[in-house]
Amino acid sequence: VESPSSLLLPLFPAFKPSGQSLEALKTTSFAGRNQIVSFEDHHLESMRRVRLFVDGAHTAESMQTTADWFSQEVQLSRSTDEDKKIVVFIFSCTHDRNPETLLRPVVDLHLRSSPGLFQHVIISPVSLDATDSASSKQVAWAESWSSLLTTSSSSLSSSVDPLVVRSVSESLEKVQEIAAQNPTKDID
């Protein structure tokens, strides 16, 4: 007796992309995956020193890949004078995902640098418009960040208290404030 899957094989042959298709796939990029957004032409001078590293990672594996990518990018862009850079981490999450699972690779990345890679951590919802208050999810994510730092490191110098905001717009306003308060530093 033939199995049902063997009966389907002739109907659904393996897909073999052409050389042209393979080349197109190699050069394809997706907005929000390993994307760097710069503001060189921004009307505010302070924002011209800001670069956002954007990735829509939503699984533990993709967060690890994102942390690895960001680590490489930061290593490549580090100036010889590390005092000239401020690194801000903005975290947002949709659906009912485990924030500790998603944040673990980023906390590990933070702790691999001394005194810690991020000088600021911002926890934001995905909405552009501000809500009346931070949701319980954002508060839980912030608590997860703090808990992971506490359980992963005994060093107070690695500690960064997360700021919970009400929207993506407010996150960017905070980044602009940080840039304005630090006129000689680049913001990543």
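1. Start with the sheet: three strands form an open sheet in the order 4-5-6, and their pairing is parallel. Strands pair here if DSSP finds at least two bridges between them. From one strand to the next, the twist averages 25°.

2. A quick word on what you're looking at. This is a predicted model, where local features need pLDDT of at least 70 and side-chain atom pairs count only at pLDDT 80 or more, while totals for chains, interfaces and linings use all residues. Numbering runs from 1 along each chain as its sequence is written, and side-chain values use heavy atoms, with hydrogens and water left out.

3. Now the overall plan. The chain has six helices and seven strands, and from the N terminus on they run α-α-β-β-α-β-β-α-β-α-β-α-β. Helices (H or I, at least four residues) and strands (E, at least two) are DSSP runs, numbered from the N terminus. Of the 188 residues, 34% are buried; that means under 20% relative accessible area, with exposed being over 50% and partly exposed in between (1.4 Å probe, protein chains only). Take the contacts (heavy atoms within 4.5 Å) with a separation of 6 or more: 72% of them join residues 24 or more positions apart.

4. Back to the strands. Strand 5 (residues 120–123) pairs with strand 4 over four bridges, in the parallel sense, and Ile90 stands opposite Ile122 of strand 5. Helix 5 (residues 136–152) lies across strands 4, 5 and 6, at about 180° to strand 6. Those axes are lines fitted to C-alpha atoms, for helices over the stretch in contact, and angles run from 0 to 180 degrees between N-to-C directions.

5. Have a look at Leu163, in strand 6 (residues 162–164). Leu163 is partly exposed, at 37% relative accessible area. Beyond neighbours within four places in sequence, Leu163 touches Val121, Ile122, Ile123 and Lys174.

6. Helix 4 (residues 99–112) is worth a click. Its 14 residues reach 20 Å from first C-alpha to last, close to the 20 Å expected; the expected span is 1.5 Å times one less than the number of residues. Helix 4 also bends by about 30° at Pro105, the bend being the angle between axes fitted to the seven residues ending there and the seven starting there. Pro105 is one of the helix's buried residues, which also include Leu102 and His110. Asn98 caps the N-terminal end, with a side-chain oxygen 2.9 Å from the backbone nitrogen of Glu100.

7. What do the buried residues of helix 6 pack against? They pack against strand 3 (85–86), strand 4, strand 5 and strand 7 (186–187). Those buried residues are Glu170, Ser171, Val175, Ile178 and Ala179.

8. Finally, is Asp55 buried or exposed? Asp55 is buried, with a relative accessible area of 19%, and belongs to the loop between strand 2 (51–54) and helix 3 (60–77). Its side chain reaches the backbone nitrogen of Ala57 at 2.9 Å, and a polar contact of 2.9 Å links it to the side chain of Thr66. A polar contact is a pair of N or O atoms within 3.5 Å; within protein, one must be able to donate a hydrogen and the other to accept it, and residues adjacent in sequence count only if both atoms are side-chain atoms.
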